[in-house]
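Me: I have a protein model open and I am new to this. Can you walk me through how to read it?

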Amino acid sequence: MISTRRLVLTGVLFATVNWSALGQLTDYRMWVGLTTRKPQQVVLRRWKQASQTRYLILNPQTLETSVVALLPDGVRELPWGSVMQSVSQTAYGKAMRLEQNRDVNLQDAGIERTDTTERGFSLTIDLCPSTKPLTRSVFEQLIRAFEPEEKPIPVTITITGLWMANHQQDLAYLKNLVSRGELAITWVNHSYHHRYNPQLPLQTNFLLEASTDLNAEVLLNEQAMLQNGLTPSIFFRFPGLVSDKAVFDRILAFGLLPIGSDAWLAKNQQPKQGSLVLIHANGNEPLGIADFINLIRKKSASIENKSWLLYDLPTSVTKEK
């Protein structure tokens, strides 16, 4: 499937990108700064592709990311502290300050719940490495349950590089749901390898395992996302929801906002208003999928009268009190 995306900044159309024809990314790196035109955007990454310099930029008011090709005078490289000072009163600046107080938990550090006035929650679906196929039934059930009340249906998918490498047909299926207007997906970095050793305690497992290259886990996965036509969001989910203060703060230094969950359904955690609900659609969590399907069936009347909804994660975080 060929996916296209318009690259727009400050009302100016830069290009229409045929993702499948872009070729390999080279010289991918953190590159921090601000765009020079209004409204000002935060620049987070730079790379070469198709003979052009491309940037991953963030709208600090909406928390939406996009990929753009800019001329050299369109961006200005700055120290991270200067960027944060410039956006301190935006949704991004405020979210970053809140995150700095959420780095202490071994599990579920980061954003677990957003706007508690919402009449529903944000659904997050993890795609960790797996030999099993995508659980497509959960997406079919979502579409049946929430259309036409919500279309496209907002969903957050946290994705790993190894899952993308081994599930190209399933990834094409998800991208097709987006192109058909069924889903609006926020793509979240979930690390490239998602290493896990069942013999190790949490304190030395997942990204806390010795010799983990955090730069590779973050930046290689972003490159894999871009190469597959996905725009990385501003969010990051730790494998196993496990982190320590050092790893958490390093993710913040990448400019990313870590997300946890206060409603992992397979662990019998029930969603509340504004919850980040967690299920796995990688074939490894049938209990969580069954619980979610039962939940939306029970809420069918509330879905129909729009008193129980799914929320877009970036929008919910911008409203967080």
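Reply: Start with charge. Lys and Arg count as positive, Asp and Glu as negative; His and the chain ends are not counted. This is a predicted model.

Me: How many positive and negative side chains does the protein chain have?

Reply: The protein chain has 33 positive and 29 negative side chains. The centres of the two sets lie 5 Å apart.

Me: Next, the fold. How many helices and strands are there?

Reply: The protein chain holds ten helices and 15 strands. Its radius of gyration is 19 Å, close to the 20 Å that the globule rule gives for 321 residues, so the chain is as compact as a globular protein of that length. For its extent, look at the C-alpha trace: it spans about 55 × 45 × 40 Å along the principal axes.

Me: What share of the residues is buried?

Reply: Buried means under 20% relative accessible area. Of the 321 residues in the protein chain, 56% are buried. The chain exposes about 13,700 Å², and carbon and sulfur atoms supply 50% of that area.

Me: What do contacts tell me about residues 24 or more positions apart?

Reply: Take the contacts with a separation of 6 or more. Residues 24 or more positions apart account for 69% of them.

Me: Now the backbone. What should I look for?

Reply: Most residues other than glycine have a negative phi, and most peptide bonds are trans. Look for the exceptions.

Me: Which peptide bonds are cis?

Reply: One runs from Glu-147 to Pro-148, with omega near 5°. Another joins Lys-151 and Pro-152, where omega is about 0°.

Me: Where do Pro-148 and Pro-152 lie?

Reply: Pro-148 lies in the loop between helix 3 (136–146) and strand 9 (153–159). Pro-152 is also in the loop between helix 3 and strand 9.

Me: And phi? What is its value at Asp-108?

Reply: Phi of Asp-108 is near 70°, a positive value in a residue other than glycine. Find Asp-108 in the loop between helix 2 (91–99) and strand 8 (120–127).

Me: Is Asp-108 buried or exposed?

Reply: Use the cut-off: buried is under 20%. Asp-108 has a relative accessible area of 15%, so it is buried.

Me: What about phi at Phe-206?

Reply: Phe-206 is not a glycine, yet its phi is positive, about 55°. Phe-206 sits in the loop between strand 10 (183–189) and helix 6 (214–227). Its relative accessibility is 9%, so Phe-206 counts as buried.

Conventions:
Residues numbered from 1 in each chain as written. Predicted model: local features only at pLDDT ≥ 70, side-chain atom pairs only at ≥ 80, totals over all residues. Heavy atoms only, no water. Helix = DSSP H or I, 4+ residues; strand = E, 2+ residues; numbered from the N terminus. Rg over C-alpha atoms; globule rule 2.2 N^0.38 Å. Buried < 20%, exposed > 50% of the residue type's maximum accessible area, 1.4 Å probe, protein only. Contact = heavy atoms within 4.5 Å. Areas by Shrake-Rupley, 256 points an atom, 1.4 Å probe, with all protein chains shown as cover. Charge placed at Lys NZ, Arg CZ, Asp CG, Glu CD.
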